[in-house]
Amino acid sequence: MSIARGFAALNAKAQLAPFSFERREMGDRDVGIDIKYCGICHSDIHQARDEWGGSIFPMVPGHEIAGIVTAVGRKVTKYKPGDKVGVGCYVDSCRMCPECSQGMEQYCSNMTSWTYNGREQDLVTPTYGGYSENIVVDEHFVLRLPDNLPLDGAAPLLCAGITLYSPLRRFHAGPGRRVAIIGLGGLGHIGIKIAHAMGAEVSVISHSTRKQDDARRLGADEFIVSSRDTFSKLSRHFDLIINTVSVDLDWNDFLRMLRVGGTMVILGAPTKPVPIGAFSLISGGKCLAGSGMGGIPETQEMLDFCGKHNIVSDIEKIPIQQVNEAYERVLKSDVRYRFVIDLASL
Ligand code: NAP
Ligand code: ZN
């Protein structure tokens, strides 16, 4: 065991504060990683404040991890000390079920071990995330970061990047397809960049005009402010709508904007159930889908795609001591577009 320093929430009402904890000894297939940067995902806030229920405390959040390999176990074949690597939303899974066998470890039938607020496969040991100085992860769950991408801007790809890439691929974003992204936040802004690089016509649906100029700079073809007027004007307009917003929106309004046979994908997680009228789907044969992150092979594919297209997150780098203020600013949509913690500040 080794002692690692980090920041943790001790309960759902507490501010994050310095915290020391044990990282496991390196096993034969483990990679030891010195964490350089960690993104702040809105899911960190939901979980640190126990908004989804069942949070495990003390909690060291952080699942957008970028760092450098410092040590490898004797059976590790993919990595060596000095490699630039990332760790995303999970660090293990059963590796035997049909989902794991197909590279969809995030949907493991038995139990995915989340990077934090989860348990190791022994079902007992709590996991601690990336707001910390180092982490030990089995090589299967470690991703290779492209050499041309900076570690700080690449960190958010490990959650925000894959969470957008996966549904954009699955629902065929590309030339001739109209894609709308609801919410220009951490997820949304990377979604614009990726969908644009895939060749789709990209629109952003935002709840104010504040981010209009940014949207175009990021690669959006259209910027739309959500309103009654928009919903009727853009009726049957989009092939694919990706919803990254976690506040209560009337999904029926957005479904109206889908073309016949179009799909709306839910990524943001409102805390209360959202009522859907049957005719919102029946009229026009529309689909409502959900998507959670992506599997390990697809995450590596996304990183390679971002390397090829030079896609990284727009970030505001902060020392870890500012994490509580950063949370408040994320809640006010006041970040352009992802906070990334510089762990050297620990
Ligand atoms: P974020 O950076 O806070 O972005 C959310 C965006 O929602 C904001 O930038 C804002 O965009 C919009 N919004 C905020 N308040 C709003 C309001 N009152 N009305 C309408 N829109 C509002 O969060 P994020 O990190 O991108 O995460 C977004 C959600 O996705 C969270 O719920 C997170 O837990 C979830 N998530 C899901 C997955 C998955 O695998 N499915 C993975 C990661 C995160 P505008 O200002 O443009 O309106
Ligand atoms: Zn996340």
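Ile56 touches Asn117, Gly118 and Arg119, with residues up to four places away in sequence not counted (contact means heavy atoms within 4.5 Å). This is a predicted model, in which local features need pLDDT of at least 70 and side-chain atom pairs count only at pLDDT 80 or more, while totals for chains, interfaces and linings use all residues. Residues are numbered from 1 along each chain as its sequence is written, chains are lettered from A and ligands numbered from 1 in the order in which they are written, and side-chain values use heavy atoms, with hydrogens and water left out.

**Ile56**

- The loop between helix 1 and strand 4 (65-72) holds Ile56 (helices, H or I of at least four residues, and strands, E of at least two, are DSSP runs numbered from the N terminus).
- Ile56 counts as buried because its relative accessibility is 19% (buried means under 20% relative accessible area, exposed over 50%, and partly exposed in between, with a 1.4 Å probe and protein chains only).
- From C-alpha to C-alpha, Ile56 and Thr127 are 9.3 Å apart in space, and they are 71 residues apart in sequence.

**Zinc ion (ligand 2)**

- Cys41 (SG), His63 (NE2) and Cys159 (SG) are the protein donors of the zinc ion, at 2.0 to 2.2 Å from it (donors are N, O and S atoms within 2.8 Å of the metal, or 3.2 Å for Na, K and Ca; water is not among the atoms, so sites may look incomplete).
- The spacing of these donor residues in sequence is C-x21-H-x95-C.
- Cys41 is in the loop between strand 3 (30-39) and helix 1 (42-48), and Cys159 is in the loop between helix 3 (151-154) and helix 4 (160-170), so the pair ties together parts that are 118 residues apart in sequence.
- Cys41 is buried at 2% relative accessibility, and Cys159 is buried at 5%.

**Ligand 1**

- There are 29 residues around ligand 1, of which His42, Leu184, Ser206, His207 and Arg338 come nearest (a residue is near a molecule or strand if one of its heavy atoms lies within 4 Å of it).
- The side chain of Ser206 has an N or O atom 2.5 Å from an oxygen atom of ligand 1.
- For His207, a polar side-chain atom is 2.5 Å from an oxygen atom of the ligand.
- In the case of Arg338, an N or O atom of the side chain is 2.6 Å from an oxygen atom of ligand 1.
- On its own, ligand 1 has 910 Å² of accessible area, and the protein covers 88% of this (accessible areas come from the Shrake-Rupley method with a 1.4 Å probe; for residues, only the protein chains shown count as cover).
- Helix 1 and helix 5 (186-198) are the elements that give two or more residues to the shell around ligand 1.
- Helix 1 provides the largest share of that shell, three residues.

**Helix 11**

- Val323, Asn324, Ala326, Tyr327 and Val330 are the buried residues of helix 11 (residues 323-331).
- Viewed down the helix axis, these buried residues fall within an arc of 155 degrees, so they line one face of helix 11 (the arc is that of the directions from the helix axis to the C-beta atoms).
- The elements that the buried residues of helix 11 pack against are strand 1 (2-8), helix 1, strand 16 (315-319) and strand 17 (338-342).
- Ser333 follows helix 11 and has a positive phi, near 55 degrees.

- Asp92 is in strand 6 (residues 90-92) and is buried, at 12% relative accessibility.
- The side chains of Asp92 and Arg95 make a polar contact of 2.8 Å (a polar contact is a pair of N or O atoms within 3.5 Å; within protein, one must be able to donate a hydrogen and the other to accept it, and residues adjacent in sequence count only if both atoms are side-chain atoms).
- Apart from neighbours within four places in sequence, Asp92 is in contact with Met111, Thr112, Ser113, Gln121 and Phe141.
- Ser280, in helix 9 (residues 278-282), is buried with a relative accessible area of 16%.
- The side chain of Ser280 makes a polar contact of 2.6 Å with the side chain of Asn252.

**Leu149**

- Leu149 is in the loop between strand 9 (143-144) and helix 3, and its relative accessible area of 2% makes it buried.
- Leu149 and Gly307 are 158 residues apart in sequence, and their C-alpha atoms are 6.3 Å apart in space.
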